[in-house]
Amino acid sequence: MPANFPDIPRTRSGFKVQPATRLVRSPYNQVEEVWEEPGDMWQARLAFSFLTKAEARELRGALTALRGQVGTLFIHDTAHSNEGSWNGTPVVDGVDEYGVVLNARGFAASQTVAKRGDRFQLNNRLHELTEDAVTDSTGRVRLQFQPEIKTIPNDGDFIISNMPKGLFRLANPSQIPDWSGSKAGVRNVQLEFVEALSEV
């Protein structure tokens, strides 16, 4: 089971979805063709302006344990907060749920329970809503989001909205700092991660 990223205060935390799309334009007649492939992925960038010696030691240990790009970590975007209430205990409603739409149940009935831009975690993958979620009289709703579901969930799997996390690996192990600093600590540490697509 992957560990969670250490609970160390960050100066910056930035997450974005990188689409697996490409625009090709003919140099002769400027006709455009859009190539769309599976493989949209999250990218995360974390920055720490100053780490105490204890914090640097904890972070160093977590990164060393990854063994480059072999290991993975669950990471939460500390700069993000959901605006919707997410009232209820939402779970997956049905089987064979995949793509960018998910049937869910267990929400509070007849209300807007989540807002566009809110995020949730389903198993190992982080998703972001592209439309508001409004439940029916039974507390059911169709969630619309990006990126797509890669591993089909089970009926009843929990939908996590409280501190949702994505599963990441280091984008480039060479970015790990040498941890040189003063007696007080280490300054200006920046780390980049990419989603571990083979494990979501």
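Asp136 is partly exposed, with a relative accessible area of 35%; the scale calls a residue buried under 20%, exposed over 50% and partly exposed in between, using a 1.4 Å probe and protein chains only. The model is predicted, so local features need pLDDT of at least 70 and side-chain atom pairs count only at pLDDT 80 or more, while totals for chains, interfaces and linings use all residues. Residues are numbered from 1 along each chain as its sequence is written, and side-chain values use heavy atoms, with hydrogens and water left out.

**The chain as a whole**

Let's step back for a moment. The secondary structure comes to one helix and 16 strands, where DSSP runs count as helices (H or I, at least four residues) or strands (E, at least two) and are numbered from the N terminus. Along the principal axes, the C-alpha atoms fill a box of roughly 60 × 55 × 25 Å. Of the 200 residues, 39% count as buried. Among contacts (heavy atoms within 4.5 Å) with a separation of 6 or more, 72% involve residues 24 or more positions apart.

Leaving aside neighbours within four places in sequence, Asp136 is in contact with Ala109 and Ser110. Asp136 and Ala104 are 32 residues apart in sequence, and their C-alpha atoms are 11 Å apart in space.

Is Glu195 buried or exposed? Glu195 counts as buried because its relative accessibility is 3%. This residue lies in strand β16 (residues 185-195), and its side chain makes a polar contact of 2.8 Å with the side chain of Arg125. Not counting residues up to four places away in sequence, Glu195 touches Asp40, Met41, Trp42, Arg125, Leu167, Phe168 and Val200.

**Strands and their partners**

Strands of a sheet pair through backbone hydrogen bonds, either parallel or antiparallel. Here, two strands pair if DSSP finds at least two bridges between them. Three bridges link β7 to strand β8 (residues 99-107) in the antiparallel sense, and Gly88 has Phe107 as its bridge partner in β8.

Now look at strand β6 (residues 73-76). Strand β1 (residues 3-4) pairs with β6 in the parallel sense over two bridges, with Leu73 of β6 as the bridge partner of Ala3. Strand β15 (residues 165-170) runs antiparallel to β6 and is joined to it by four bridges; in β15, Gly166 is the bridge partner of Ile75. In a regular strand the side chains alternate between the two faces of the sheet. Both faces of β6 are covered, with Leu73 and Ile75 buried on one side and Phe74 and His76 buried on the other.

**Open and enclosed spaces**

Rolling a probe the size of a water molecule over the atoms shows where empty space is left. On a 1 Å grid over the protein atoms alone, a cavity is a set of points where a 1.4 Å probe fits but cannot get out, and a pocket is an open set with protein on both sides within 12 Å along at least five of seven lines; lining residues have an atom within 4 Å of a point. Grid points are joined across faces, edges and corners, and a volume is the space filled by probe spheres set on the points. For the lining, Ala, Val, Leu, Ile, Met, Phe, Trp, Tyr, Cys and Pro count as nonpolar, Asp, Glu, Lys and Arg as charged, and the others, Gly among them, as polar.

| Space | Volume | Lining residues by class |
|---|---|---|
| Largest pocket | About 230 Å³ | five nonpolar, three polar, five charged |
| Second largest pocket | About 170 Å³ | six nonpolar, three polar, three charged |
| Largest cavity | About 60 Å³ | three nonpolar, three polar, two charged |

The largest pocket is lined by 13 residues, and those closest to its centre are Glu36, Asp40, Val100, Gln146 and Glu148. The lining of the second largest pocket includes Phe74 and His76, which are the buried residues on one side of β6. A search of the whole structure finds one cavity of 30 Å³ or more. Among the residues lining the largest cavity are Arg125 and Val200, both of which touch Glu195.

Technical notes. Polar contact = N/O pair within 3.5 Å; in protein donor to acceptor, adjacent residues only side chain to side chain.
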